[in-house]
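Dear colleague,

Please find below the structure for your files.

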Amino acid sequence: DLTGKIALITGSTSGIGLGIAEHFAKAGATIAVNGFGTAEEITYVVENLSAYKGNQARFFPADLMDGEAAITLVNQVVNHFGKIDVLINNAGIQHVEKVEDFPADRWESIISLNLSSAFYTSKAAVPHMRRSGYGRILNIASAHGLVASPFKSAYVAAKHGVVGFTKSLGLELAEEENICVNAICPGYVRTPLVDMQIKDQAKVHNMTEEEVIREVILAAQPNKRFVTVEEVADLALYLCKDATRSFNGAALPIEGGWTAR
Ligand code: NAD
């Protein structure tokens, strides 16, 4: 039960972040929403989340490619709600291309958003968590934080970086009674990010989209199905319980056996 808890979920206007936001709101948490979207989309998300008991979700705009904006985001959440209990670093992007054609600005953007933003938000949130004595930082890494695939150099580098950052920060906070930092490493989840990637993969592999799903995407996952947003959200919620405070600095795979190979 997360009643009374404040959860900032980056990139919660879509996909996995939105699913986690709904799951946490149902569990009683108040959600600080962040991410891109039209004014209409954002209003819809905030109103939906606020329909759950005790929830007064609120939107905090920030482009997390900018480190200063990431720090300001956390400070705004704390100024508004008085604290931050849960920080979920979820916002992320992908680019699929061979390294010699990979645009340098895409590399920089992916490292900034998928890796560095977790440093900046954590840096700002940790002092508040130390003060209140409870805190959960969950980094939505990826199976690609543990193993690699070709044509995803920036993404794989950033996600391995997030797993390393999670370990280091977990050790720094290990002596705190109830503050934990963990990474969740999902396999493929059918979100807008993956739908775009299926199109890109079709180009680099010269396949149809159906072939990409069967022979590239789900070929990696021994269970041959997509992970669901609900499965990821459930694991995230589990890691916020007092009873799971011995999970720290871990990178937890949820990928149908992909990284067991
Ligand atoms: P998505 O595209 O559906 O959602 C991404 C979210 O991030 C959106 O809310 C978007 O507005 C936000 N965002 C994008 N750029 C931003 C920026 N500069 N500043 C702030 N917010 C920004 O993607 P998703 O599939 O839900 O992915 C969420 C996370 O899960 C990512 O970190 C992704 O790498 C990771 N992940 C996804 C999968 C998958 O198969 N979908 C698998 C493993 C890990």
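Helix 3 (residues 67–81) lies across strand 1 (6–9), strand 2 (30–33) and strand 3, and runs at about 155° to strand 1. Helices (H or I, at least four residues) and strands (E, at least two) are DSSP runs, numbered from the N terminus. Axes are lines fitted to C-alpha atoms, for helices over the stretch in contact (heavy atoms within 4.5 Å); angles run from 0 to 180 degrees between N-to-C directions.

This is a predicted model, in which local features need pLDDT of at least 70 and side-chain atom pairs count only at pLDDT 80 or more, while totals for chains, interfaces and linings use all residues. Residues are numbered from 1 along each chain as its sequence is written, and side-chain values use heavy atoms, with hydrogens and water left out.

The open sheet consists of 7 strands in the order 3-2-1-4-5-6-7, with parallel pairing; two strands pair if DSSP finds at least two bridges between them. Strand 3 (58–59) and strand 7 (251–254) are the edge strands, each pairing on one side only. Strand 4 (residues 86–89) and strand 5 (residues 135–140) run parallel and are joined by 4 bridges. I88 has L138 in strand 5 as its bridge partner.

As to the cysteines, a search of the whole structure finds 0 disulfides (pairs of cysteine sulfur atoms within 2.5 Å). C180 is in no disulfide, the nearest cysteine sulfur being that of C240, 9.4 Å away. For C240, the closest cysteine sulfur is in C180, too far for a bond.

With kind regards
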